[in-house]
Amino acid sequence: MMSHVGIIGTGRYLPENIMTNDDLSNLVDTSDEWIRTRTGIRERRISVGMNTSDLAYEAGSIALKNAGLKPEEIDLIICATITPDYFMPSCACIVQARLGAVNAAAFDLTAACTGMIYGMVTAEQFIKSGMYKNVLVIGAETLSKVLDWKDRSTCVLFGDGAGAVVLSNTKKGGMILATNLEADGSKYDHLTCSAIPLINPCVNTEDISASRLKMLGQPKIRMLGQEVFKYAVRTITDNLKAVLSKVNLKNDDIAYIIPHQANQRIIEQASKFIKIPIQKFFINLDRYGNTSAASIGIALDELAKSDKLSTGDKVILVGFGGGMTSGAVLLEWS
Ligand code: UT7
């Protein structure tokens, strides 16, 4: 018998500290007007003191309470992040200890801004296979630590935060009807954040220029903005079509779309291409900017806890990001 997988709890956590567009104009040559008209972003949260695992723990524990589960009842924790506290241990293991989720396996997953979608689809497979019953998926980021605060074309876009969902083998909550995952590694250089350079006693560093040596080992986000923009519009449209066709639904059957929150103009263009009115797209990027793997979980929590969703509503979560990666999850709400 085919088992069902549903979202039984959601949670979000945003750092308190707000950085406005005007604050940014004191750091780089930019303006509130440019940022608002080109992106839709008005402000973002920038963490002071809380690392990714701290944000992930807060969002995860709210999602657990919302699901009505005890930490011991969680079988697996997946943390989607590109800004972990450590390469090792995983953010998920730190969260597992802090929650007291003593029965849970734990690992991190990297799919950049598509992290929450990849995490949910991974969780769905563990539950469908019968291996696990309850899985906590968290998207958490402190992007502020990998931003180049001198690069106005990137530092104005991002923010810190965490969103979480609990998935279980039930039809209740947000039941998953269809999913889609895609990747195009040939475009990997469109959006990058470097890790540790290959320097060891066998490498002759004299062959590397002084300026390059200085840059190496300083992970910073680099982006070909317009390339990412085009990829985003195309893949939002493709992924929406893919999940709709998998379950024979039409545009009109959809109550809400929760897109990855990167840029208002990306969402507007995708809305035109797919011919679904912009009013159906849930948007909160004006308040949080782009929180990468956290954005869809944060938005889903806001929508789920509003009075906007009714039983039977179909909701699509759709993401895109570094890799390049993209994906979507179609839910039926109850
Ligand atoms: O999760 C995925 C993450 N990434 C994205 O979603 C990013 C997708 N791309 C975008 O959102 C847009 O490409 C950006 C918002 C990054 C840039 O918008 P754009 O309309 O593509 O601007 P542009 O790169 O063509 O730059 C236009 C001008 C340039 O000046 P010149 O060459 O015309 O004189 C830039 O130097 O705007 C300048 N500029 C800025 N000016 C004021 C770039 N950033 C800023 C800034 N403030 N922050």
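**View 1. The area buried between domain 1 and domain 2 is about 3400 Å².** Carbon and sulfur atoms give 63% of that area. Buried area here is the accessible area (1.4 Å probe) that two parts lose on being put together, summed over both. This is a predicted model: local features need pLDDT of at least 70, side-chain atom pairs count only at pLDDT 80 or more, and totals for chains, interfaces and linings use all residues. Residues are numbered from 1 along each chain as its sequence is written, and side-chain values use heavy atoms, without hydrogens and water. Domain 1 spans 5–171, and domain 2 spans 177–187 + 221–333. The bounds come from an automatic or database domain assignment. Taken over C-alpha atoms, the two domain centres are 17 Å apart. Domain 1 brings 48 residues to the contact and domain 2 brings 43 residues. Contact means heavy atoms within 4.5 Å. On the domain 1 side, Arg12, Cys113 and Ile117 lose the most area to domain 2, together 18% of what that side buries.

**View 2. Polar pairs and salt bridges link domain 1 and domain 2.** Three salt bridges cross the interface. The rule asks for a side-chain nitrogen of Lys or Arg within 4 Å of a carboxyl oxygen of Asp or Glu. Asp301 forms a salt bridge with Arg12, with the closest N and O atoms 2.7 Å apart. Helices (H or I, at least four residues) and strands (E, at least two) are DSSP runs, numbered from the N terminus.

**View 3. The largest nonpolar core holds 41 residues.** Such a core is a set of buried Ala, Val, Leu, Ile, Met, Phe, Trp, Tyr and Cys residues joined through side-chain atoms within 4.5 Å. Leu240, Ile257, Ile266 and Ile316 touch the most other members. Helix 8 (225–246) and strand 12 (314–321) are among the elements that give two or more residues. Helix 8 gives the largest share, nine residues. Leu240 touches Ile257, Ile274, Phe281, Ile316 and Val318, not counting residues up to four places away in sequence.

**View 4. Helix 11 (residues 295–304) is largely enclosed by the rest of the structure, because nine of its ten residues are buried.** Buried means under 20% relative accessible area, exposed over 50%, and partly exposed in between (1.4 Å probe, protein chains only). Among the buried residues are Ile296, Ile298, Leu300, Asp301 and Leu303.

**View 5. Tyr231 sits in helix 8.** At 4% relative accessibility, Tyr231 counts as buried. Tyr231 touches residues including Asp184, Lys187, Phe320 and Met324, leaving aside residues up to four places away in sequence.

**View 6. Gly100 lies in the loop between helix 4 (91–99) and strand 5 (105–109).** Gly100 counts as partly exposed, at 26% relative accessibility. Gly100 touches Pro71 and Glu72, not counting residues up to four places away in sequence.

Notes: Polar contact = N/O pair within 3.5 Å; in protein donor to acceptor, adjacent residues only side chain to side chain.
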